[in-house]
Amino acid sequence: MKPSDFKYFKANSLDRALDILNSEENIKIIAGGQSLVPLMNFRLGQPDILLDINDIKDLNFVSESSSSLEIGSLLTHTNAINSNLIKLFFPIISYALKYVAHQTIRNQGTIGGSIVNADPSSEWPLLISLLNAKINVRNKFKEREILVNDFFDSHFVTNIEDDEIVISVTLPKINKYCWAFEEHSSRKGDFAIVETGVILELEDNCETIKNARIAIGGVDEKIIRLKKIEKKLVGKNIYQDLSIYKKLDLFEAINPVNDNHGSVDYKNYLSDSLLKKVLKKCVNAKVISNVK
Amino acid sequence: MNKSKTKYVGKNVLRFEDERLLNGNGQYTADINFPGMYHVAFLRSEISHGEIISIDLEEAKKLENVYDIFLYDDLKHISPIISKSNMKKYLPTKQHILCKKRIRYLGEPIAAVVAKNRYIAEDAISLINIELKELEPIIDTINASNETKNFVHPSLKTNVILERTFSQGDIKDVNQNELISIKKIFKMGRKTPLSMEPRSYVCDINKRTNELTLYSSTQVPGIIKDAIMTYLGINGNQITVIAPDVGGGFGGKASLYMEELIVVAIANKLQTPIKWVSDRYEDLLTTSQGFEEIIEAELLLDEKGNFISLNSNVYGDIGAYSIYPWTAALEPMQVAGFLQGPYKIKNFYSNVKCITSNKPPTGPYRGVGRPAAVFVIESLVDMAARKINMNPSQLRLNNIIRKNEQPYKIGSGIVWDKVGFEECLRKALSLIDYDKIKTTKKWEGVGIATYGELTGIGSKISVAPGMPLNTGSETSRLEIDSTGSISATFGIASHGQGLETTLSQVVGDHLGVTPNSIKIKQGNTSLITHGTGTYASRSAALAGGAAIKVSKKARNHILNVASFILNVPKTEIDIEDNLITQKNSNQKLSFPELSRIVYSDMQTLPIKLRKPLIFIESYDPIFGASTTATHIATVKINPETFKIKIKNYVVAEDCGKVINPMIVDGQVQGGVAQGIGAALFEEMKYNENGQLETATLADYLIPNSLDVPEISISHLEDFLPNNIGKFKGMGEGGTIGATGAIANAVSDALKHLNIEITELPITPNKLYTLIKNKEKK
């Protein structure tokens, strides 16, 4: 369990990192290394060059604009959990990230690493799907913005190019909403078997659902938004029981696989259980209203 | 003496080991390096069953800093490893040091690459071209036992390499029509010991003296030394086996491994130090596994709840080879041996088959056979209680072997003597307030498991039946050197039990010195003529017994010497707190003063009292110390996820005289944690293609700290055994009781669905399937 031979570069500026990415082949960016290093030890990943971006201070930030929050790709899970801006605008992030593995891993792992790893049972991919994020990526020559809908391709595959680095993630603010997140794993800290999050955007009366977003992870090759169920919730009063949705609408949308942690049937059951729970929890949650 | 006798034994002396281990000053095998040392990595089979057609080493050998690559042919002078036994109907297996042609399990070593470092060795492995012919893997245990063509060892013409029947009473005499039958098929999943430190070996060579030193993360340095002599032809005075700090074993480090012999053979051949450190993947694949059994069992009882008969067939999946030195008999035979548990059952029948399969060899694992046995009998008892609508605790009390009925020989031949079965059960019931905690609520349940165990066994009883190895005695050598400092040497090999501390407590009491002034030496074959190691809940009882004998002998001699020096009768002298004092006077003698007089002062003592202060004693308890514990667990199942949460857990246990309560509690808690693993989490899953589905710790789940509840532990010290120190073994008990208690608690939590657990581990996924299948019917 030792990695194959590789060269190691540590870039101290974004320009330097982009130069290296532009000029070299078979290169992997390392930030927290929490997923990459095990893969390399198993020789499932054999990069010729490891590009360490941890010293690029420009990538480690949380900032606020009038319409959004922007999170630098090097922000660790621990720092995200502790960020006051994130707590204020998106407490769901602070809550859900506590489910990421264990403390030492949360201290190392970063948002950029988590989303480019594109594990469909991870928390950050679910959160950015739920929050309609835009992912800002850059290569040596240009910067572009990818909508989260277009970002994940499948299991561990995204639509960013080999010469690009994720710079940041932009999360549009939401006026008046309530939220909930639930996850089930075999043990605390394990990968989620199923994870699900809900955001219900409300009308000014704080009761009528203006817009519903439901994301579910661990049960398909990428995070799934349950569009059919989302649509049916629009216009409903949040004090109604929202968990009366058609099971079929859920089961048609997801595509779990048999593995060590559960059969397809069990994962379907679990998805239904968690979705009911998360909707109930969301309805009872405090309404957030931060946007001036 | 009377006063000092319990000065240290029974006290929470803080572990001496912890200072070095917690400060990072421990030294494990992987920490040991020598100048000029080469590293070995193994090319391992990626299939479970097959034949090697060809191996091409050309590319690999060309790689810079690859020094040598060994195949079977290069080491064929090493005869195949054969684990011998005197048991009838036993067919030993031949295990080649590297695969000769046939591959019998996933991860079996094929080639040993020697290189400058592990990275390069692994690079070379990826350059070896190997052509294999795949054979149909033999995975299913029952199918393997019935197989008529496909054998793990074709020359044996069967996969059943050992069969034995235990029988007592005659079931034909019993009118079965009037009896209630509880009949089930139980399944226990295959486990891996998973110690924190994976197996590691470093062999150093001293070219001046031509001596080899093997540093091995082993529980049994004495057995390994003997095996090196047997298989590599190296004389005992040319090889030392040292177990430095060892990070857990749980039985997984109690057997001989091919890698261990290969490291020594290559160091000897290349005349350079050689190192191999298993990575976690190799550890999961190749360390001896445990527990895979299918047990068909039937308990017959009358309507008043008296047990009449227990019949069973045990199918033990022992993997590809009969492990050295314990043999294939070890695990499956113990299932039958302990199946009857602590109950009076006149009629007993058990047929045991030890079956080979294309999986890694099974070996000792904490509890050996008994976690499965307790799961089966204790489940049957609870099922019977439900059937006749009797309180499970009452049904146990009705049938339990009482104090005045001992010694009591159970159907397998084991004799229970001086065991407080009833007392432990009652203590556990009151500890958890059983009648109050018993619940009719859905999804909540309580489960009892009570068991009998044989520990600290002497030479009359084999650890594994028929095994030609003396595991029944321990030797201790106590020395007081010219400076007056005391050391005591043992053949055991502590690997987390804190034996350096507990043996110091025992010596301290019996010699009259403080435990921290004694140096305990162990885990080193050059220090003692014979010793096997630490396993089978034996070290406290056996080494503790030897410690008492040798300390008494030393004390007596010191009193003789002091009597001469102080010129008073022996009876007037006491030894306490490292001081030799004349009672009712100020006359004192310290150990350094005594040593100076013995060794350096040529005038004070007559010659016969000037002999070196070296004392040797062996201890063999001949038989074993039977013991018991009762575990009671309560669980709550979340019907949304089927996650099983253990709410309360109590253990009332009897380890005889407690040497160090804190260490005993730690052992019980650790044992229960492993039992929770066996009951709820851990299973090595080989699919029908022979591939391992649980080859990482993301898939092979062990309980973490949040899955292990607070455990209330109570000790019974009223049933002291016949051995010298009145110590009973307790290292394995935690694991033994947990499987049955948790299985019963889960079944109780499912009472509203009439579901009874017959397969462990029981996971949320399996629970879901059980419940859905029930609903469909």
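Chain A is divided into domain 1 (7-52), domain 2 (58-172) and domain 3 (177-283), with bounds that come from an automatic or database domain assignment. This is a predicted model, in which local features need pLDDT of at least 70 and side-chain atom pairs count only at pLDDT 80 or more, while totals for chains, interfaces and linings use all residues. Residues are numbered from 1 along each chain as its sequence is written, and chains are lettered from A and ligands numbered from 1 in the order in which they are written.

The domain assignment of chain B gives domain 1 (2-26 + 473-619), domain 2 (32-135 + 196-248 + 253-286) and domain 3 (377-462 + 623-776).

| Domain pair | Separation of C-alpha centres | Residues in contact |
|---|---|---|
| Domain 2 and domain 3 of chain A | 21 Å | 17 residues of domain 2 with 18 residues of domain 3 |
| Domain 2 and domain 3 of chain B | 38 Å | eight residues of domain 2 with five residues of domain 3 |

In chain B, the side of domain 2 that touches domain 3 has five nonpolar, two polar and one charged residues; here Ala, Val, Leu, Ile, Met, Phe, Trp, Tyr, Cys and Pro count as nonpolar, Asp, Glu, Lys and Arg as charged, and the others, Gly among them, as polar.

Between the two chains, the contact takes 22 residues from chain B and 19 residues from chain A. On the side of chain B that touches chain A, the elements giving two or more residues are α4 (118-126), α8 (280-286) and α19 (764-776) of chain B, where helices (H or I, at least four residues) and strands (E, at least two) are DSSP runs, numbered from the N terminus. By class, this side of chain B has six nonpolar, five polar and 11 charged residues.

Chain B as a whole comes to 19 helices and 29 strands. Its radius of gyration is 27 Å, close to the 28 Å that the globule rule gives for 777 residues, so chain B is as compact as a globular protein of that length; the radius is taken over C-alpha atoms, and the rule is 2.2 Å times the number of residues to the power 0.38. Along its principal axes, the C-alpha trace of chain B spans about 95 × 70 × 50 Å. Of the 777 residues of chain B, 56% count as buried, a residue being buried if 20 or more other C-beta atoms lie within 10 Å of its own, exposed if 12 or fewer, and partly exposed in between, with C-beta atoms placed from the backbone.

In the largest nonpolar core, of 232 residues, B:Val40, B:Val113 and B:Ile742 touch the most other members; such a core is a set of buried Ala, Val, Leu, Ile, Met, Phe, Trp, Tyr and Cys residues joined through C-beta atoms within 7 Å. Helix α15 (residues 539-566) of chain B supplies the largest share of this core, 13 residues. Apart from this core lies another, of 84 residues, among them A:Ile29, A:Trp179, A:Val194 and A:Val278.

Helix α7 (residues 258-270) of chain B is mostly covered, with 11 of its 13 residues buried, including B:Glu259, B:Glu260 and B:Asn268. After α7(B) comes B:Gln271, whose phi is positive, near 55°.

Key
Two residues are in contact if their C-beta atoms, placed from the backbone, lie within 7 Å.
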